[in-house]
Amino acid sequence: MSNVLHAFTAFFDHLRAIAWTPVLFALACQLVKTAVRTRAWRNILAAAYPETHVRWRSVYGAYVAGAGVNAIIPVRGGDLLKLSLVKRRIEGATYATLGSSLLVETIVDAVLSTALLLWALQQHVLPGVQVLSHLPSVDWFWLFRHPRAAAAVAGGTLVAGFVLGIWAAARIAAFRERVAQGVSILRTPGRYLRSVVALQLVDWALRLTAIYFYLRAFHVAANLDNALRVQVTQSLSTIVPLTPAGIGTDQALIVYVLAGEASRSALLSLSVGMKAILSALNVTLGALALAVMLRTLHWRRAVEDDPVT
């Protein structure tokens, strides 16, 4: 916690030095990126429900509402809200189908993130285990330092999976059908490449472009190599999101992977500044989406009132 507070202190100390024009370009990239990504998810859902008109604006609203909640609540609670909102707007939608559609949406992310991680390992960008053990802000490394707790977590996960399997046994046929429905677009590779993969490649290009502008805004060497390094830290910070937006992990890793590119305080300012600015945008858009779609900001109530089917 003290490391995170120190990072926020560094951010406010550098507030006057921030170049705000590149920040505006980065925010513009983020807005376009969100539009592109939600369009890809809308296309996946349209293939899953061909007899229903799936509106992009409904998918967009649900996505930004979920992102807004994830910006302030750990363990990605906003994902449940996102699915709940979409389910309300698509007639006959089920969580099984919507959940499997998200798996389709993450295929490109998984491939590119894995390739980026392999590049980072080959270039020795990431810290080794010995270094990680001395980075207390890396929240998911807590499991490695506490093996008994990690075993308890793993055991609890297995038990929960077993219980879930028993519960789903009687519904397995319907469940499989609904899951298969969510991945329908994969049965038409051409459509998948045109309406999903192409958009998600644009999404990744916009991610790196936004990071480039953030590097310029915080006076850190702005180039493709550094943008890729920051993207690696962002991907790793969402592996086990025990903190809102993975702020502790991201802050610790950015200081390591960009060591020598700027002062430590400047890198701390960059790590917190990116998260703070993006979180502010997500919270603002999410609140507007909730107000329009639910006429309320009480998102938990909306999720609890929605039956699991």
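Is D203 buried or exposed? In this predicted model, where local features need pLDDT of at least 70, side-chain atom pairs count only at pLDDT 80 or more, and totals for chains, interfaces and linings use all residues, D203 turns out to be buried, at a relative accessible area of 0%. Buried here means under 20% relative accessible area and exposed over 50%, with partly exposed in between (1.4 Å probe, protein chains only). Residues are numbered from 1 along each chain as its sequence is written, and side-chain values use heavy atoms, with hydrogens and water left out.

As for the overall picture, the protein has 15 helices and zero strands; helices (H or I, at least four residues) and strands (E, at least two) are DSSP runs, numbered from the N terminus. Of its 309 residues, 46% count as buried. Contact means heavy atoms within 4.5 Å, and among contacts between residues at least 6 apart in sequence, 72% join residues at least 24 apart.

Leaving aside residues up to four places away in sequence, D203 touches K33, V36 and R37. Its side chain makes a polar contact with the side chain of R37 at 2.5 Å; such a contact is a pair of N or O atoms within 3.5 Å, and within protein one must be able to donate a hydrogen and the other to accept it, while residues adjacent in sequence count only if both atoms are side-chain atoms.

Side chains of opposite charge can pair when their charged atoms come close. With a salt bridge taken as a side-chain nitrogen of Lys or Arg within 4 Å of a carboxyl oxygen of Asp or Glu, the count comes to eight. K33 forms one with D203, the closest N and O atoms being 3.5 Å apart. That pair links distant parts of the chain, with K33 in helix α2 and D203 in helix α11, 170 residues apart. R207 also bridges to D203, here with the closest N and O atoms 3.6 Å apart; being four residues apart in helix α11, R207 and D203 are separated by about one helical turn. R37 pairs with E105, with the closest N and O atoms at 3.2 Å. R37 lies in helix α2 and E105 in helix α5 (residues 95–105), so this bridge ties together parts that are 68 residues apart in sequence. R37 is buried at 6%, and E105 at 4%. K33, R37, E105, D109, D203 and R207 are linked in a network of salt bridges.

Then there is the nonpolar packing. A nonpolar core is a set of buried Ala, Val, Leu, Ile, Met, Phe, Trp, Tyr and Cys residues joined through side-chain atoms within 4.5 Å. Of the 37 residues in the largest one, Y214, L215, F218, V230, L258 and L270 touch the most other members. Its largest share, nine residues, comes from α11. A second, separate core has 33 residues, including V59, Y63, L81 and V108.

H124, in the loop between α6 and α7 (129–132), has a positive phi near 55° without being a glycine, and H219, in the loop between α11 and α12, has a positive phi of about 60°. H124 is exposed at 68% relative accessibility, and H219 is exposed at 52%.
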